[in-house]
Amino acid sequence: MADFKVLISQEEIETRIKEIANQIDQDYQGKKVTLICILKGAFIFLTDLVRNINKNDIIIEFMAVSSYGNEKRSSGKIKIIKDVDRDLTDEHIIIVEDIVDTGLTIDFLIKYFNNKGVASVKTCSLLDKAVCRKIDVPVDYSGFTIEDRFVIGYGLDLAQEYRNLPYVAEIKED
Ligand code: PRP
């Protein structure tokens, strides 16, 4: 068992997600938007986020990429494990992530979708480890900015475990 403590509570997450969902409702009034959930980490955030979005002309897609493997630090090599199933040409898309750390994954994804001819790309992440950036990337909808801590829960893993914690916790390092 890892030694950890709550960093962001369930209530704080719930409140912030409602705010982000309202913002998306406002920003995409009269426009269809496709939300792309980046697996695995974003699966819980995505499901809570979409249930708080009121507009119904949203499309949900799933994509799986990996940059960490079982390591605690990004390897920088982004691998597409599962691509989206549809042609997204001319669609407005929002990439939904659990965390932006070095920024390498989101940078790769923004370029990837721009090359596919989408109408617009925005990014949404529950957590933003801004101090760890290796490349400047936009996080248009950001839940919480956190320090350089190893976090688990609410979708985030430690060697694939702990994703089911209903809050974000910080691993206590010696
Ligand atoms: C995590 C996270 C992001 C990426 C962020 O994925 O979900 O996709 O790393 O890191 P970066 O900004 O340094 O590129 P991970 O590779 O751990 O896969 P997982 O979501 O399946 O756990």
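This is a predicted model: local features need pLDDT of at least 70, side-chain atom pairs count only at pLDDT 80 or more; totals for chains, interfaces and linings use all residues.
In the side chain of Thr-105, an N or O atom is 2.5 Å from a ligand oxygen. The backbone contributes as well: an N or O atom of Gly-103 lies 2.8 Å from an oxygen atom of the ligand. For a polar backbone atom of Gly-41, the distance to a ligand oxygen is 2.9 Å. On its own, the ligand has 500 Å² of accessible area, and the protein covers 94% of this.

Ser-67 was examined next. This residue sits in the loop between strand E3 (58-66) and strand E4 (79-82). Its relative accessible area is 10%, below the 20% limit, so Ser-67 is buried. Ile-13 is 54 residues away from Ser-67 along the chain. The C-alpha atoms of Ser-67 and Ile-13 are separated by 25 Å.

Aromatic rings were then considered. A pair of aromatic rings is described by the distance of the centres and the angle of the planes. Across the whole structure, three aromatic pairs are found. One of them joins Phe-4 and Tyr-162, with ring centres 5.8 Å apart. Their planes stand at 80 degrees, over the 60 degrees required, so the pair is edge-to-face. Phe-4 belongs to strand E1 (residues 4-8). Tyr-162 lies in the loop between strand E8 (151-152) and strand E9 (168-171). The pair therefore ties together parts that are 158 residues apart in sequence. Phe-4 has 22% relative accessibility and counts as partly exposed. Tyr-162, at 13%, counts as buried.

A further pair is formed by Tyr-112 and Phe-113. The ring centres of Tyr-112 and Phe-113 are 5.3 Å apart. With the planes at 80 degrees, this pair is also edge-to-face. Tyr-112 and Phe-113 are both buried. Together with Phe-108, these two residues form one aromatic cluster.

Note on methods:
Residues are numbered from 1 along each chain as its sequence is written. Side-chain values use heavy atoms; hydrogens and water are left out. A polar contact is a pair of N or O atoms within 3.5 Å; within protein, one must be able to donate a hydrogen and the other to accept it, and residues adjacent in sequence count only if both atoms are side-chain atoms. Accessible areas come from the Shrake-Rupley method with a 1.4 Å probe; for residues, only the protein chains shown count as cover. Helices (H or I, at least four residues) and strands (E, at least two) are DSSP runs, numbered from the N terminus. Buried means under 20% relative accessible area, exposed over 50%, partly exposed in between (1.4 Å probe, protein chains only). Rings of Phe, Tyr and Trp (its six-membered ring) pair if their centres lie within 6.5 Å; planes under 30 degrees apart count as stacked, over 60 as edge-to-face and the rest as tilted.
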